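Thanks for coming. I will take a few minutes to go through one protein chain, from the overall layout down to a single residue.

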Amino acid sequence: MSEEEKEKERQEAITARAEAAAEEAKEETESTTPSTPSTPISPTSPPTTETPSGSAEPSPASTPTPTGRQLEDEEKSGQDLSLERELFAYLEGNKDRMKAFSMHSQKYAQGKITAFMYYYMIGKTFGDELVPIVLPLLLKALANDPKKQEALRCYHLYAIAKGCGRCNKIVYFPEEVRFADKSWHRWCFKCMECNITLDLKSATSRGKKIWCIKHVPKE
Ligand SMILES: [Zn+2]
Ligand SMILES: [Zn+2]
């Protein structure tokens with residue numbers, strides 16, 4: 001089997017697992033909260049602008065963010081807490097984001113949003129660079145819910161495997177165009193030559209590159 005085939009098989013396995021996990025999380029959501037349909041979050045309205053609708057404080061079980069005190073306690077036990085420290089330093093200066101984010105965490109812990117929506121919110125709230133730091137902390141916080149933990153882990157692998165065909169960054173589900181066996185950001189789905197924005201009808205591909213009809217290289 002060639003390297004390329006192996007890679008394809010690996011990605012397909014990840015996709016299948018992520019889809020199964022997302023499906024499972026969705027079913028769980030539907031069965032536990034029939035009156036609260038989950039609505040997709042628009043990329044144009046980032047979670048940071050969301051205003052809290054309730055006054056309930058996050059319960060310790062569903063709050064992934066460590067407090068300074070927790071960090072001190074855990075550090076005494078000799079654990080490596082560099083990730084926690086990095087995130088904590090970031091959050092110290094971004095309290096609003098943190099507030100919006102702990103609300104999303106609660107929604108996910110309560111089964112009101114799916115793994116993929118939650119993952120999308122992580123990315124939009126913290127930026128792609130912080131996702132690898134935030135994620136292990138969230139997985140840790142979900143220790144008493146292995147099913148949600150697994151769904152989130154799978155979705156992460158799925159998203160990472162689907163780097164954008166143009167910019168290579170994470171493609172979140174609401175931003176995704178699927179074409180030529182690859183994922184593309186909607187805004188990256190452009191002709192490699194003239195940069196005109198393409199759609200599924202006007203796009204043509206050779207291998208893993210895309211062009212408009214006018215500029216696609218002759219075979
Ligand atoms: Zn892109
Ligand atoms: Zn073109």
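Before the details, one term: a nonpolar core here is a set of buried Ala, Val, Leu, Ile, Met, Phe, Trp, Tyr and Cys residues joined through C-beta atoms within 7 Å. Please also keep in mind that this is a predicted model.

Start with the layout. The protein chain has 7 helices and 4 strands, and along the sequence they run in the pattern α-α-α-α-α-α-α-β-β-β-β. The chain has 219 residues, and 27% of them are buried. If we take contacts between residues at least 6 apart in sequence, 57% join residues at least 24 apart.

Now the core. Which residues touch the most other members of the largest nonpolar core? They are Ala115, Tyr118, Tyr119, Leu152 and Tyr155, in a core of 33 residues. Two or more residues each come from α4 (95-109), α5, α6 (131-141), α7 (146-161) and β4 (209-211). The biggest contribution is from α5, which gives 9 residues. As general background, nonpolar side chains in soluble globular proteins tend to be buried together.

Last, one residue in α5. Methionine 121 sits in that helix, which covers residues 115-126. Is methionine 121 buried or exposed? Methionine 121 counts as buried because it has 24 C-beta neighbours inside 10 Å, and the cut-off for buried is 20 or more. Histidine 104 is 17 residues away from methionine 121 along the chain, and their C-alpha atoms are separated by 7.5 Å.

That is the end of my part.

Conventions
Residues are numbered from 1 along each chain as its sequence is written. Chains are lettered from A and ligands numbered from 1 in the order in which they are written. This is a predicted model: local features need pLDDT of at least 70, side-chain atom pairs count only at pLDDT 80 or more; totals for chains, interfaces and linings use all residues. A residue is buried if 20 or more other C-beta atoms lie within 10 Å of its own, exposed if 12 or fewer, and partly exposed in between; C-beta atoms are placed from the backbone. Two residues are in contact if their C-beta atoms, placed from the backbone, lie within 7 Å.
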